[in-house]
Amino acid sequence: AAFSAGQRDFGENKVQEGLQKVSETADIQIRWHLIGHLQSNKARKAAQPFACIHSIDSIDLLQRIDAGAAEGGATPDILVQVDLAGESTKFGAPIAEARRIVDAALASRAARLVGLMLLPPWNDDQEQTRPWFARLRALRDEWISEGVPRDALAHLSMGMSHDFEAANEEGATMVRVGTAIFGKRPPPKT
């Protein structure tokens, strides 16, 4: 129904569920995004079917995605997931490591760096998440001023259903609003 209404970009958090959905929708022109954490052992599987991967958080993962994409003739867009809050329950690279990943991504053979991604600390009040969005935008701008090509950091993937307005106001170019559109994910079957 969303595709019929004109939506072309869809995201999935989990690799296996995403691969199933990619297969089930192969007859329509959906641009699939992997927005959840990606384990290194699943990188090669994800490199070809996903048009965009938002969760690159290590050079090793970047290299695995790039190799898998090159082998399959794919050119996925990638975003480096930056960890600004240092939360132990979330993934992402600290700032210094994220910059090393950005620099490494600029030399990729097949994967194409297009931006940065952020998962700020959870808060129902989007004014509490706004400073994290502003900080990611400022970091992106700083890296561009230091010589990272603007088109390599064109996108900021930040904001979800509960805080996308603040994210948009702070410069988001991609928001992850599945819950607002499709409802809450059903609990896993036991």
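Predicted model: local features only at pLDDT ≥ 70, side-chain atom pairs only at ≥ 80, totals over all residues.
Which residues is valine 22 in contact with, leaving aside its neighbours within four places in sequence? They are Trp32, Pro49 and Phe50. Valine 22 has a relative accessible area of 17%. The cut-off for buried is under 20%, so valine 22 counts as buried. Phenylalanine 10 sits twelve residues away from valine 22 along the chain. The C-alpha atoms of these two are separated by 10.0 Å.

Now turn to the nonpolar cores. In soluble globular proteins, nonpolar side chains tend to be buried together. The largest nonpolar core of this model has 45 residues. Those with the most contacts inside this core are Leu38, Ile53, Ile65, Ile78, Leu116 and Leu136. Helix H5 gives the most to the core, with five residues. A second core is separate and has five residues, among them Cys52, Leu79, Val114 and Met174.

Take leucine 38 as one example from the largest core. Set aside its neighbours within four places in sequence. Leucine 38 is then in contact with Val15, Ala43, Ala46, Ile53, Ser55, Leu61 and Ile65. Two of these partners, Ile53 and Ile65, are also named with leucine 38 among the residues with the most contacts inside the core.

Next comes helix H3, residues 59–72, where leucine 62 is found. Is leucine 62 buried or exposed? Leucine 62 is buried, because its relative accessible area is 2%. Beyond neighbours within four places in sequence, leucine 62 is in contact with Ile56, Ile78, Ile101, Ala104, Ala105 and Ser108. Alanine 105 lies 43 residues from leucine 62 in sequence. In space, their C-alpha atoms are 7.0 Å apart.

Serine 108 leads onward from there. This serine lies in the loop between H4 and strand E5, and the strand covers 112–118. Serine 108 counts as buried because its relative accessibility is 18%. Not counting residues up to four places away in sequence, serine 108 touches Leu62 and Asp66.

Helix H4 itself packs against helix H5. Two packed helices are described by the angle between their axes and the distance between the axes. H4 covers residues 95–105, and H5 covers residues 126–145. Their angle is about 50°, and their axes are 12 Å apart. That angle makes H4 oblique to H5. The crossing of the two helices is right-handed. From H4, the contact is made by Ile95, Ala98, Arg99 and Val102. From H5, Arg135, Leu139 and Trp143 take part. What kinds of residue make up this contact of H4 with H5? Five are nonpolar, none is polar and two are charged.

Stay with H5 to find tryptophan 132. At 21% relative accessibility, tryptophan 132 counts as partly exposed. Methionine 158 is 26 residues from tryptophan 132 along the chain. Their C-alpha atoms are separated by 9.3 Å.

The last stop is leucine 119, found in the loop between E5 and H5. Leucine 119 counts as partly exposed, because its relative accessibility is 27%. Which residues does leucine 119 contact, leaving aside its neighbours within four places in sequence? They are Gln81, Glu87, Lys90, Met160 and Arg176. Tryptophan 143 is 24 residues from leucine 119 in sequence. The two are 19 Å apart in space, C-alpha to C-alpha. Tryptophan 143 is one of the H5 residues in the contact with H4.

Definitions and conventions. Residues numbered from 1 in each chain as written. Heavy atoms only, no water. Axes fitted to C-alpha atoms, helices over the stretch in contact; angles between N-to-C directions. Helix = DSSP H or I, 4+ residues; strand = E, 2+ residues; numbered from the N terminus. Parallel < 35°, antiparallel > 145°, perpendicular 65-115°, else oblique. Left-handed = near helix turned anticlockwise from the far one by under 90°. Contact = heavy atoms within 4.5 Å. Nonpolar A, V, L, I, M, F, W, Y, C, P; charged D, E, K, R; others polar. Core = buried A, V, L, I, M, F, W, Y, C linked by side-chain atoms within 4.5 Å. Buried < 20%, exposed > 50% of the residue type's maximum accessible area, 1.4 Å probe, protein only.
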